[in-house]
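Hi everyone, thanks for coming.

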Amino acid sequence: MSISAQKNSPIITGTGCICAAGQNTAAVTTSLHAATVNCAPIPDYLFSSDLTFPAFTVQQEALTREAYNFFLEQGVDPSALVCNRTLQLTLTALTEALQQAGYHLSDLRNRRVGIALGTTVGCTFNNEDYYIAWKKDQKPDIDPVFHYLDSNPALRLQKIMDVEGPCLVITNACASGTDAIGVGSRWLQDDLCDIVITGGADELSRIAYHGFAGLMLTANTPCRPFSADREGLNLGEGAGVLILEKQYESKKKKALGSVRGYGSAGDAHHPTAPHPEGRGMQQALAVALGEAKTTVEDIAYINSHGTGTPSNDRAESAALAGLGFTADNCPVVSTKGVTGHTLGAAGAIEAILTLEALRQGSTMGTIGCKAVDPQLHPAVLIEREERPLNGKVGISQSLAFGGGNAALVLEGYPA
Amino acid sequence: MKPVITKNISVDPTHDEVPPAALGRKLRRADDFIKIAVTACDGLLHGDNTDIDATETGLFLGTAFGPMETNFEVLDLILEEGRSSPFLFSHSVFNAAAGYIAEIYNIKGCGQTITDFSWPFLLSLREGCSAINAGRLQRCLILQVETYSPLLEDSRQDLNPHSPAWPMGGVAWLLERSDRVSKGYQVDSLDINSRPAAPEAYLSRVAENRLNDIQLLANDPLSSARELTRYIEKNEPQKLEFCSNADYGTAKLLLHKTL
């Protein structure tokens, strides 16, 4: 097999993200510190709905002018940038990540560049107008079908960037972004490529919006993760992209941190609800910690999935307690109070925010949580609380439909 | 440890019992995608009495189009009644089948659902081999499931009016560590080089697919996985070489039979 043992932890040399909290990592971090909550009714430019659950959405132009110009300046044909919203979000985050890593597209064209992305909506056929016309037997033009076939996020990035290497889209629901980063890390360890572009992206779709409402998981107000009065999640949209490289490849670069470990495990419990004791989450965490050769005592920060649904927060809290995380050794934070639940993008955005907290050496509390549910984990930091971190290694974790769980152990290098 | 394919199965819902009667109640609300996926796994794991810990068994499920029709059923409900169904929506999520399989067969290791228009089965196999090679899993299931949709079929027929309809179906392989098994097919190498192609290529699926000295004729998204499985079952060759050359890239798989 073209797989060999390369056990060095992949280095993170660039990150980029976009969500309701901002169009780049710095803006999102600023929103976290300022407790800015851009949770509002669904804008008309996304879709109309009789439901009134608020969401965290990005402005109409998901592909920012800066990102558009970045690709044009590097010779990308403008027609290649005509794409769906999930891809537009991805390209915006990718631009920031490439700029931070110091890469022009031409630098990548003689390298083996892997692309591992997570999404949920990004792999579905979403052209409602076409679907409605087709159902009415109006024989609509086939272009939207071609557009869909041209929208596999990983392959489309490969096409836009004109690079070669392994390509994969993970559709593990809400854990997709975390799993994609884990898979991309292993490609580097297996020497399948030299650089990995990884992360996750999702636009907010009508199906997801109504689907989560139908499952009675959405809140009528901004979410309050880990609060006793939490009533559910707010959906969001966004993208997070990380550039990973082998250690020896990145020596000349300013590294931001590294992916020390990754674990994935199944609950084997229920199609949509997590195991009440977070059984799979514990297993995923144990695998990730083992791979990182770290212990619970080494972990300085945990960015939880923290959706604000009663069952998620309970399961996650139980999993952390079960592994021995206490209020004394490590703060637990949910950042969904400013990002919303961005589904396939969530794990990637949260990995980036984990890295930022570790690099800065401090964290803000959980926006929306004014008092922690006494039945939950005592280490959850509440809103307006700020805590210095006592180490540089942390965890970003995700739970998903289908009982999927994924965890990353990340190390942040001082800013 | 080298990965060895110890069991394989191809499910054709027009001939096979989908789902098996014993699972009918458990799957009464499931869609075709989930039913085919579970049926394929049942063919490999029914009566399984392994001593391997559940956390050391994993699952890699590849698909080109996922539960596309279920997704449209959710949309129909939203457009017509302004509401969604909890069951339909949860089944429209691409990894719903993996969740069902994990629950029914108590699989607690890593689980990945991979969506790709070119070779979803081989991509899943590559990830499974990596997990076995690195010692992260003792064994794993590799699957591809396809159910398509009438909308997709109409589009395909517009482009290729005389081509046969893509058959629904599923394929599953059980991959185990070479030190635990005595018989099977060892995966010697697997190279996949995807490249961007015109979108039409994923519907026309013009490709040269060769299996040892046989030219494969079928070119639906499941065909390479299905024909590989049937060939192994029928011929039990000492060595197997599968090559595919398409607009959307190349793939090559080498296997050899272990004693």
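How much area do chain A and chain B bury between them? About 5,300 Å², with 63% of it on carbon and sulfur atoms; buried area here is the accessible area (1.4 Å probe) that two parts lose on being put together, summed over both.

A word on the ground rules. This is a predicted model, where local features need pLDDT of at least 70 and side-chain atom pairs count only at pLDDT 80 or more, while totals for chains, interfaces and linings use all residues. Residues are numbered from 1 along each chain as its sequence is written, chains are lettered from A and ligands numbered from 1 in the order in which they are written, and side-chain values use heavy atoms, with hydrogens and water left out.

Back to the interface. Chain A brings 60 residues to the contact and chain B brings 64 residues, contact meaning heavy atoms within 4.5 Å. There is 1 salt bridge between chain A and chain B, that is, a side-chain nitrogen of Lys or Arg within 4 Å of a carboxyl oxygen of Asp or Glu. Lys135(A) pairs with Asp76(B) in a salt bridge, and their closest N and O atoms are 3.1 Å apart.
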